[in-house]
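User: Please take a close look at a single part of this structure, the region that a database record annotates. Please also set that part in the context of the whole chain.

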Amino acid sequence: MRNAWKEDQHPSFINFISTFLSANSFRLNFVPIAPDFIFNCGGLSVAFIFVTNWDCYNVASIFNRVKKLKMQFARFYVVLALPAKEQINSFIQSYFTFGMVIGKPTFVPVQDLEMGFEKMVKIAHSSGVYKQERIGEKLKDERKQLVQRMDFYLKVVTSIPGIDNHDANALSQAIGSVQAIAKASKEQILENTDLSTDKAGLVSRFLRDPKFYSRPKIN
């Protein structure tokens, strides 16, 4: 929470915020930041301006601040407490007067302060959850691709006559890819794996000599 924002609020509201955050496993720090709040959820930072007192005759400073901060934060929201119809009308008119673009940033009008803060927490939390889900999906895809690459590798290496899965895994761990194995000498294979002399020679010849690996296999 921004120090200056805190000083402008009633102590009872600050107490509500502190209690609400604690109940939802957040830790509150008071710091000299540009926005009013920055939430860190799941490794994601979400910034907010929270306008708790909309002055219909002094809106320029709010929108100027919004324009400045939206350039600094990728995830940025503006929460506005607008309990009166006059304030709602003033906001709508000002929104277009100051050239705001829908969703850049997103404005969240609310009827009271407590509702506004709860909205902020929900937005920040859902953003963090979404990022974690995306990370989980990415890791799952990477694991799937790794398994597919390993299956392909095993299929290629075990196509060498006399080479089984154990030999293929030993070559993978000690030498590396199929391309690396093809470049490895018989001596390198013998030195770094438990393959026999005959198998090491067979692997070296098979992957280097097209005439050799194009011959029909005799099982």
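**The annotated region and its setting**

The chain contains 10 helices and four strands, where helices (H or I, at least four residues) and strands (E, at least two) are DSSP runs numbered from the N terminus. Their order along the sequence is α-α-β-β-α-β-α-β-α-α-α-α-α-α. The model is predicted, so local features need pLDDT of at least 70 and side-chain atom pairs count only at pLDDT 80 or more, whereas totals for chains, interfaces and linings use all residues. Residues are numbered from 1 along each chain as its sequence is written, and side-chain values use heavy atoms, with hydrogens and water left out.

The unreviewed UniProt entry carries the annotation "transmembrane region" for residues 12–31 and 37–60; its positions are given in the numbering used here, feature names are shortened, and annotations may be inferred rather than shown by experiment. In the model, residues 12–31 are 60% helix and 0% strand, with 19 Å between the end C-alpha atoms. Residues 37–60, by contrast, are 4% helix and 54% strand, and their end C-alpha atoms lie 20 Å apart.

S25 belongs to the loop between α2 (11–23) and β1. Although S25 is not a glycine, its phi is positive, at about 65°. Most residues other than glycine have a negative phi, and most peptide bonds are trans. S25 counts as exposed because its relative accessible area is 70%; exposed means over 50%, buried under 20%, and partly exposed in between (1.4 Å probe, protein chains only).

In β1, the covered face consists of F37, F39 and C41, while I38 and N40 make up the uncovered one.

Other parts of the chain give context. F96 lies in helix α4 (residues 85–97) and is exposed because its relative accessibility is 60%. The loop between α4 and β4 (106–110) holds P105, and the peptide bond from K104 to P105 is cis, with omega near 0°.

In helix α8 (residues 186–192), I189 is buried because its relative accessible area is 0%. Leaving aside residues up to four places away in sequence, I189 touches L171, A184, L195, A200, V203 and S204, contact being defined as heavy atoms within 4.5 Å. The C-alpha atoms of I189 and I175 are separated by 7.5 Å, with the two residues 14 apart along the chain.

For the chain as a whole, buried residues account for 33% of the 219 residues. Of the contacts between residues at least 6 apart in sequence, 63% join residues at least 24 apart. The chain exposes about 13,700 Å², and carbon and sulfur atoms supply 53% of this area; accessible areas come from the Shrake-Rupley method with a 1.4 Å probe, and for residues only the protein chains shown count as cover.
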